Amino acid sequence: MTLQRRLVIAVLLAVPLGWLLTIAGTYWRAQHEINELYDTDMLRLAEQTLAVASLLPPSVTSASPLLTQAPDSGDASHGDLSVAIWLGTGEPLVMDSEARQFPRGDGLQGFVDSTVNGAPWRLYYLSDAAGTARVAVGQRIGEREDLVVAYLLSQLAPWLVGLPVLIGVLVMAVRRAIRPLRILSHTLERRRPDDGSPLPEDAPGELRPLVAAMNGLLARAGRLIEQERRLTADAAHELRTPLAALRVQWEVAQRSGDPALRAEAQAHVTRGLERMDRLVTQLLTLARLDSVGEVAFASEVDWRAVAEQAIGDCLWIANRRDVDIDVEWPAAGQAPLPVARDADALAILLKNLLDNAIRYGPRHGRVRITFEPARIVVDDEGAGLAPEVMARLGDRFLRGAGNEESGSGLGVSIARRIARNHGLALRYEMRVAGAGQPAGLSAVLSRAAGVSGQA
């Protein structure tokens with residue numbers, strides 16, 4: 001059900017309900033006011049009649065009406081209001097025939113509801129101080145109800161005419177209030193999939209938070225689309241070169257009759273395949289990291305298990321280059337850098353740092369991983385990097401010139417992305433020789449600025 005339909009239904013239910021409650025309140029209030037008005041009139045009439053009755057001589061005992069019907073009574077009705085007077089214990093002195101049926105009610109004073117000739121009446125009894133004169137003023141209750149109903153009917157007529165008009169105006173107001181939402185929906189429906197421009201923010205105040213949230217979503221989607229485009233273009237560029245080299249080497253291996261030349265071509269094909277395998281693996285890892293953002297929270301990571309997994313993945317390249325891997329742990333009672341997130345992603349991060357240190361450090365050298373309470377350091381014994389390369393370290397597909405080992409140029413980008421997802425920062429520092437420490441390059445992993453405690 002649409003929001004507009006819900007609002008219209010709410011209006012169609014609320015307006016008649018409010019109208020019925022108003023009618024009920026009006027009926028109760030009108031009945032109260034009319035009863036108050038007529039009770040006051042009956043009380044005053046009883047007092048005036050009692051004052052007149054006290055002046056009558058006791059000899060007046062006529063049981064016939066004192067007055068006859070007036071020749072011109074207008075809209076008056078004698079049958080709805082009657083007065084009875086008792087002098088002593090005789091028959092009542094009455095002004096109309098209805099009063100003959102009033103009960104004397106000795107001992108009753110004030111208002112009493114009674115039944116006269118099968119109809120409900122409201123009576124008011126009043127006696128003088130000596131007890132010689134007694135007055136009863138009565139009014140048919142139906143007269144009061146008729147007046148209340150007549151008053152309500154006079155109020156209902158405008159309501160019955162105006163209620164449909166009011167409902168129609170409210171429905172139009174609801175449709176007009178929903179119009180900006182429909183315009184926003186149509187705007188989004190007509191958008192191209194690659195259009196990341198923000199939506200106009202000239203919306204009603206209630207829709208501005210929604211528009212701001214959608215603009216943020218469009219901006220994030222635009223960045224992801226741009227990352228995918230850049231990744232696709234870079235991957236196509238990076239894959240083109242090894243594929244061309246593989247094609248050439250494969251043709252040499254097929255056509256050459258020299259066993260040595262054929263063996264060399266086959267070795268080039270093997271290395272090219274290894275490079276492509278590494279490049280595709282890194283691309284897939286980077287695409288996964290770009291799509292998921294921050295990883296789900298988990299228990300505190302076990303760095304010993306992570307180090308074991310990362311070192312195991314790098315043993316083949318370490319054995320090929322004859323590089324020793326040393327691991328140093330904090331002193332007893334101290335825990336390495338506490339991080340609570342994804343152990344598999346952190347293993348990829350550490351593996352990339354180790355892989356780069358092994359590949360680009362000297363053969364027969366040494367790589368050291370130092371776990372400290374506040375940081376993790378991966379040291380190699382290489383010549384380091386030029387300042388202009390250090391400034392761009394982490395750019396995708398960036399590789400230093402003159403390296404004998406091939407790479408994809410994505411390892412540092414992946415490591416930094418994983419570190420950022422875990423509230424960590426990765427930086428590289430040149431280490432100078434001294435105090436028994438050879439020169440080299442250090443990768444330092446520590447908590448990012450403004451992040452405290454577990455990530």
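Colleague: In which hand does helix 5 pass helix 6?

Modeller: Please note that the model is predicted. Helix 5 passes helix 6 in a right-handed crossing. Helix 5 covers residues 303-321 and helix 6 covers residues 343-360; their axes come within 8 Å and cross at roughly 30°. Angles under 35 degrees count as roughly parallel, and helix 5 and helix 6 are therefore roughly parallel to each other. By class, their contact comprises 15 nonpolar, 1 polar and 7 charged residues.

Colleague: At what angle do helix 1 and helix 2 pack?

Modeller: The angle between helix 1 (residues 3-53) and helix 2 (residues 141-190) is about 160°, and their axes are 9 Å apart. An angle over 145 degrees counts as roughly antiparallel, and that is why helix 1 and helix 2 are described as roughly antiparallel to each other. Their crossing is right-handed. The contact of helix 1 with helix 2 has 28 nonpolar, 5 polar and 6 charged residues.

Colleague: In what sense do strand 1 and strand 5 pair?

Modeller: Strand 1 (residues 81-87) pairs with strand 5 in the antiparallel sense, over 7 bridges. Ile85, for instance, has Val135 in strand 5 as its bridge partner. Strand 4 (residues 119-127) is also joined to strand 5 by 7 bridges, and these two strands run antiparallel. Here Arg122 stands opposite Gln139 of strand 5. Strand 4 and strand 5 form a hairpin with 5 residues between them, and Gly131 in the turn has a positive phi of about 80°.

Colleague: How many residues of strand 5 are buried?

Modeller: A residue is buried when its relative accessible area is under 20%. In strand 5 (residues 133-140), 7 of the 8 residues are buried, so this strand is largely enclosed by the rest of the structure. The reasoning carries over to helix 8 (residues 411-421): 9 of its 11 residues are buried, so helix 8 is largely enclosed as well. Among the buried residues of helix 8 are Val412, Ile414, Arg417 and Asn421. Gly423, which follows helix 8, has a positive phi, near 70°.

Colleague: Is Val367 buried or exposed?

Modeller: Val367 lies in strand 7 (residues 366-371) and counts as buried because its relative accessibility is 2%. Leaving aside neighbours within four places in sequence, Val367 is in contact with residues including Val323, Ile325, Leu354, Ile358 and Val378. Val367 and Ala318 are 49 residues apart in sequence, with 9.4 Å between their C-alpha atoms.

Note on methods: Residues numbered from 1 in each chain as written. Predicted model: local features only at pLDDT ≥ 70, side-chain atom pairs only at ≥ 80, totals over all residues. Heavy atoms only, no water. Axes fitted to C-alpha atoms, helices over the stretch in contact; angles between N-to-C directions. Helix = DSSP H or I, 4+ residues; strand = E, 2+ residues; numbered from the N terminus. Parallel < 35°, antiparallel > 145°, perpendicular 65-115°, else oblique. Left-handed = near helix turned anticlockwise from the far one by under 90°. Nonpolar A, V, L, I, M, F, W, Y, C, P; charged D, E, K, R; others polar. Buried < 20%, exposed > 50% of the residue type's maximum accessible area, 1.4 Å probe, protein only. Contact = heavy atoms within 4.5 Å. Pairing = 2+ DSSP bridges.
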